Amino acid sequence: QVQLVESGGGLVQAGGSLRLSCAASGRTFSRFGMGWFRQAPGKEREFVAAISRNFGITSYADSAKGRFTISRDNAKNTVYLQMNSLKPEDTAVYYCAADTGKVPGKYDYWGQGTQVTVSA
């Protein structure tokens, strides 16, 4: 069983920055691919960014490219999402997820989410 706990959300003005953290339980964190997703009110959950278990290869949604940076610290069992130049349309609940490899390419553990609100 893997537990994921997000933190770092909050209220920020447009143009500001936030850094989200996601702490994972267990000793096999380095073997997991990790991702960040978000869900805005009335919308479906969407992919934001991911980082691979090997070599830390990253990928981003077009909406996140150039503004958000995903990183991981395997020693701390933590994945981060640095968000800069925030826009009101970034307002959403942000979730981290783990791809443990049980089902290839599938995120099988999710955190409870952290709210990010960007005011105009």
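1. Start with Arg45 and Trp110. In this predicted model, the charged end of Arg45 sits over the ring of Trp110, at 3.8 Å from the ring's centre. Trp110 itself is partly exposed, with a relative accessible area of 30%. You can find a second example at Arg72, whose charged end sits over the ring of Phe29, 4.6 Å from its centre.

2. Phe37, Phe47, Tyr107 and Trp110 form one aromatic cluster, and the count of aromatic pairs in the model comes to four. One of them joins Phe37 and Phe47: the centres are 5.7 Å apart and the planes stand at 75°, an edge-to-face arrangement. Phe37 belongs to strand E4 and Phe47 to strand E5, so this pair ties together parts that are 10 residues apart in sequence.

3. Is Phe37 buried or exposed? With 11% relative accessibility, Phe37 counts as buried. Because Phe37 lies in strand E4 and Trp110 in strand E10 (residues 109-110), the pair ties together parts that are 73 residues apart in sequence.

4. Next, look for the disulfide. The model has one, and it joins Cys22 to Cys96 with an S to S distance of 1.9 Å. A disulfide is a covalent bond between the sulfur atoms of two cysteines. Here the link of Cys22 and Cys96 is right-handed, with 45° about the S-S bond. Cys22 lies in strand E3 (residues 18-24) and Cys96 in strand E9 (residues 92-99), so the bond ties together parts that are 74 residues apart in sequence. Both cysteines are buried.

5. The largest nonpolar core has 29 residues, and the members that touch the most others are Leu4, Met34, Trp36, Leu81, Met83 and Tyr94. Several strands each supply at least two residues of this core, among them E3, E9 and strand E11 (114-119).

6. Finally, trace a sheet. Four strands make an open sheet in the order E1-E3-E8-E7, with antiparallel pairing. Its edge strands are E1 (4-7) and E7, each of which pairs on one side only. From one strand to the next, the twist averages 15°. Strands E1 and E3 run antiparallel and are joined by four bridges. Which residue of E3 is the bridge partner of Val5? That partner is Ala23.

Note on methods: Residues are numbered from 1 along each chain as its sequence is written. This is a predicted model: local features need pLDDT of at least 70, side-chain atom pairs count only at pLDDT 80 or more; totals for chains, interfaces and linings use all residues. Side-chain values use heavy atoms; hydrogens and water are left out. A disulfide is a pair of cysteine sulfur atoms within 2.5 Å. Buried means under 20% relative accessible area, exposed over 50%, partly exposed in between (1.4 Å probe, protein chains only). A nonpolar core is a set of buried Ala, Val, Leu, Ile, Met, Phe, Trp, Tyr and Cys residues joined through side-chain atoms within 4.5 Å. Two strands pair if DSSP finds at least two bridges between them. Axes are lines fitted to C-alpha atoms, for helices over the stretch in contact, and angles run from 0 to 180 degrees between N-to-C directions. Rings of Phe, Tyr and Trp (its six-membered ring) pair if their centres lie within 6.5 Å; planes under 30 degrees apart count as stacked, over 60 as edge-to-face and the rest as tilted. A charge sits over a ring if NZ of Lys or CZ of Arg is within 6 Å of the ring centre and within 35 degrees of the ring normal.
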